[in-house]
Amino acid sequence: MQKRKPYVELTVSGLASASLYLLLYLYRDEIMATFTRTDGWYPALPIVAAFVFSFAHGAFTGYFWEVLGVTARLKR
Amino acid sequence: MEAAAITFFELEALDVFALLVIGFIGGLVSGFIGSGGAFVLTPAMMSLGVPGVVAVASNMCHKFPKAMVGAYKRYKYGHVDVKLGLWMAASASIGVWIGAGIQHDIKAAYGEAGSNLYVSAAFVIVLTVVGAFVLRDAWKIYRAGNTHLDDKPSRLARWVQSVEIPGTMVHFRTSGTRVSALFTVPLGFATGMLAATIAVGGFIGVPGMMYVIGAPALVASATELVIAFAMGLGGSIKYALHGQVDIRLTLILLAGSLFGVQLGAIGTTFVRPYVIKVVMAAIMLIVAASRGLMIPVYLTQLGEADLSQAVMAALGSVSFALLVLALCTGGIIILAAMLKGHRSQAPALPARQAPAD
């Protein structure tokens, strides 16, 4: 049976990922100045950003290969 | 506000493109052999002009989310030994913390060139020794003609498994081994130390799990992703506290590497286990040669050698060309092995299938 391809999920996660990267590009100078501060809780910012981007972009890349039909060959 | 102690490099459009491409191939290698994105990414970033410590810090901050995505994917394939990963990760975290401290002290004492020299020297020594060993093993498997078989534990691993130390024995179910924590803890610590130095602990971790503990190559490479996540997170926090993470580099790398890590993880379900060793050895040895060429350049910058600008520029170019070769070699072997595995895939999968062939 052919499994439904996750086109909707691909679109939603793709838009989320693209929005995050657009924000990074638009505010790159402010982000760099803030994210390299070493006082207070500022050092947490790069870590949190890496997590947030990986959830959105990780979901997108997963759906991307699935939609292209590149899926695992599982041994059972 | 404390001023960041580093200078960040200017990003051009071409640099962004290069980071996306090397991120993708680094991710592909990483998803496939469990580690290895960084040994290409760190020197590649350094060749683009990123200072050594910023390259290591930014790379490490991109490594843990990438490893998290890869580990999740390979966990679903049944490759990850979570318990072994957590044991190794706990001891590796201590190694990362100490290694990052050493890196920081070297930069403070000897400056940028000293830091670059230290990172490059560590690359050359570790990659040459371990890479040659893994290549010898892969060659032996190839010569014996049993490439389709799952790996057998090495003589060392059989001895390690036979050592009974009461109160320290741990059973690792997915790896199918029972060993003393007195072996796993030092191995994890060494993995962490190396990770903090060259941002790639996997070249101790994966061969260590294969040849010392006796885990199969598929399990070792997948479990490394759990360790990479923990080490990457620990190391990133340490570097972030020093303001050394260039978040632009981190997130651009992540954009490419998350495509790669998913593809690499899928790839492991298509290939024979020994291909993991071939890819690992090939890339390690080429990168070692690449970094070796840069050592005289850093020595000149430290005033310990006397090379002309033209020679230094030539060495830099050849070094970068070798990196590109390492990247392409790894990527091509993985994609070719995937294609070969895909072509030989039976139209209907039997319920119990022999190893991929």
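## Basis

The model is predicted: local features need pLDDT of at least 70, side-chain atom pairs count only at pLDDT 80 or more, and totals for chains, interfaces and linings use all residues. Residues are numbered from 1 along each chain as its sequence is written, with chains lettered from A and ligands numbered from 1 in the order in which they are written.

## Chain B overall

Chain B has eleven helices and two strands. Helices (H or I, at least four residues) and strands (E, at least two) are DSSP runs, numbered from the N terminus. In sequence order the pattern is α-α-α-α-α-β-β-α-α-α-α-α-α.

The C-alpha atoms of chain B fill a box of roughly 60 × 50 × 35 Å along the principal axes. Of the 357 residues, 58% count as buried. A residue is buried if 20 or more other C-beta atoms lie within 10 Å of its own, exposed if 12 or fewer, and partly exposed in between, with C-beta atoms placed from the backbone.

## Helices of chain B

Helix α10 (residues 274-301) and helix α11 (residues 309-343) of chain B pack at about 170°, with axes 9 Å apart. α10(B) is therefore roughly antiparallel to α11(B), a label for angles over 145 degrees. Axes are lines fitted to C-alpha atoms, for helices over the stretch in contact, and angles run from 0 to 180 degrees between N-to-C directions. The residues of this contact divide into 22 nonpolar, six polar and no charged. Ala, Val, Leu, Ile, Met, Phe, Trp, Tyr, Cys and Pro count as nonpolar, Asp, Glu, Lys and Arg as charged, and the others, Gly among them, as polar.

Buried residues of α6(B) include B:L187, B:F189 and B:M193.

## The side facing chain A

In chain B, 37 residues are in contact with 31 residues of chain A. Contact means C-beta atoms, placed from the backbone, within 7 Å. α3 (52-76), α8 (217-241) and α9 (247-267) of chain B each supply at least two residues to this side. α9(B) gives the most, with eleven residues. The side divides into 24 nonpolar, ten polar and three charged residues.

## A:L10

A:L10 lies in helix α1 (residues 7-26) of chain A. A:L10 is partly exposed, with 19 other C-beta atoms within 10 Å. Beyond its neighbours within four places in sequence, A:L10 is in contact with A:F60, A:Y63, A:F64 and A:V67.

Key. Two residues are in contact if their C-beta atoms, placed from the backbone, lie within 7 Å. Angles under 35 degrees count as roughly parallel, over 145 as roughly antiparallel, 65 to 115 as roughly perpendicular and the rest as oblique.
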